[in-house]
Amino acid sequence: MNKNLNIEELVAADTAHHFHPFTDHKSFHAGGGARVITHAKGVYIWDGKGNKMLDAMAGLWCVNVGYGRKELAEAAYQQMLDLPFYNTFFKTTTVPATLLAEKVASLLPERFNQVFFVNSGSEANDTMVRFMRRYWEIKGQPERMHFIARRRAYHGSTCISASLGGMSAMHSQGGLPLPGFHHVQEPDWFQCGGDMSPEEFGLKAAKEVEDKILELGPEKVAAFVGEPIQGAGGVLVPPSTYWPEIQKICGKYGIPIVADEVICGFGRAGKWFGHQTMGFEPDVVIMAKGLSSGYQPIGAVAISDKLIGEFFEKGGEFFHGYTYSGHPVACAVALENLRIIEDEDMVGNAARMEAVVKEKIGALADHPIVGEVRVKGLIGAIELVKNKNTRERFDDWGRVGTICRDHCFANNLVMRACWDTMVFSPPLCITEAEIDEWAKLARIALDKTWADVKHEAE
Ligand SMILES: *Cc1c(COP(=O)(O)O)cnc(C)c1O
């Protein structure tokens, strides 16, 4: 870091020249500009004013091994010296791209042996859509163009991946979703389950998938796509009945299942992959984020033997790829990242820490503003409500979450608000002592939020 850096000048330059993603620009330019994050170590980040914050989001759900791992910097440095770039088009490859494909295939269930590299989760989903449509053309069923996904799903921000996602705010701009993308009930019992038990509601949400298949015609459906646990939608952990029923329904109509494991993959939910935690068997797996712990931009699409066989045999050239598909530096860093996750048993740590988070963050469920705390591995949510017993929300859904998030930030804790759901996804290296500290900071933020809005609940 440049020691002479003047943070005020930097913030002014940022506001003047940096067009930020997912930002309300009017309020951004009216307010104090961006918070500058300067360095990080383990589960902590530091800002330009010297505040040390506990990052219970692992960046954007991605820094699985935690910050400041020298081995990853060294892997990038060495690879840049050896070979900073070469492409993987036209029958060429590089050492790290090959080794990473082999490694990812070895971590996935046996039926996965082919891995396509991209630079992000969005590109992974775009690649999957192009692959599935091409697959059905090769099978002689080109009318199978339609994808079924869930409302409030997040699959990325390109035109295709935002169409596949079910975020109504994203669909409200620029003519999205594109044709061919359909959305059904998200398995969110807390918000949508009413008087049903979670198990009944899980079956009802799955039934909507079957209804949509029948409405479109099973012969027109390319795939069903879902995050094992919806992340940006508010960490929606589906009821236990949901995924097994989806598996049954998709099996009945011969519709492939795509698991978007961009968040759940690489240990987040307590096993290597979220579909293993949730108990279903996808045909395609989408990966990014934890694949490199965010140290380099990289994503991947793994395709099962069943789909790839005919594709290779009869498909000719697949006219798809990115200049940086299988980028050697990103692949070298991802390989070293997977070595760390494996050697330090971070997947096991996520599974063990689940109990600690359930105990310590779960204890916040006694707070008057908290309707539910749910946890799977090291991902979870705290629901903010006006009435604990009825699960009634405050009016203007999302306002109270923003208040709480700001109290967290002011108090050196990073948690994110998805409407009035506080979500968390800390680095997988987090310790019991750090979880203790996090729970204390979270309670302070909840107390302050409650003090702000209590009068509305009376
Ligand atoms: C973040 C995310 C994406 C998009 O990944 P980018 O790298 O931001 O393009 C896709 N799917 C899920 C489930 C995500 O959480």
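Colleague: In which helix does A58 lie, and what is its phi?

Modeller: Most residues other than glycine have a negative phi, and most peptide bonds are trans. A58 lies in helix α3, residues 58-61, and its phi is near 50°, a positive value in a residue other than glycine. Helices (H or I, at least four residues) and strands (E, at least two) are DSSP runs numbered from the N terminus. The model is predicted: local features need pLDDT of at least 70 and side-chain atom pairs count only at pLDDT 80 or more, while totals for chains, interfaces and linings use all residues. Residues are numbered from 1 along each chain as its sequence is written, and side-chain values use heavy atoms, without hydrogens or water.

Colleague: Which peptide bond is cis, and where is its proline placed?

Modeller: The bond from L176 to P177 is cis, with omega near -5°. P177 is placed in the loop between α8 (168-171) and β6 (181-184).

Colleague: How do α5 and α14 pack?

Modeller: Two packed helices are described by the angle between their axes and the distance between the axes. For α5 (95-107) and α14 (328-343), the angle is about 35° and the axes are 8 Å apart. Axes are lines fitted to C-alpha atoms, for helices over the stretch in contact, with angles from 0 to 180 degrees between N-to-C directions. The crossing of α5 and α14 is left-handed (the near helix is turned anticlockwise from the far one by less than a right angle; clockwise is right-handed). Contact (heavy atoms within 4.5 Å) involves, among them, L99, L100 and V104 of α5 and A332, L335 and L338 of α14. By class, this contact has 12 nonpolar, no polar and 2 charged residues. Here Ala, Val, Leu, Ile, Met, Phe, Trp, Tyr, Cys and Pro count as nonpolar, Asp, Glu, Lys and Arg as charged, and the others, Gly among them, as polar.

Colleague: At what angle do α16 and α17 cross, and which classes of residue make their contact?

Modeller: The axes of α16 (399-410) and α17 (432-457) come within 8 Å and cross at roughly 145°, in a right-handed sense. Residues including I403 and H407 in α16 meet residues including L446 and T449 in α17. The residues of this contact divide into 7 nonpolar, 2 polar and 4 charged.

Colleague: What is the strand order in the sheet that contains β13?

Modeller: Strands of a sheet pair through backbone hydrogen bonds, either parallel or antiparallel. In this open sheet of 4 strands the order is β1-β2-β3-β13, with mixed pairing. Its edge strands, β1 (37-41) and β13 (413-414), each pair on one side only. Pairing requires that DSSP find at least two bridges between two strands. β3 (52-55) runs parallel to β13, joined by 2 bridges, and D55 stands opposite V414.

Colleague: Which classes of residue line the second largest pocket?

Modeller: Its lining divides into 14 nonpolar, 12 polar and 3 charged residues. The elements α5, β4 (112-118), α6 (121-138) and α13 (305-314) each supply at least two lining residues.
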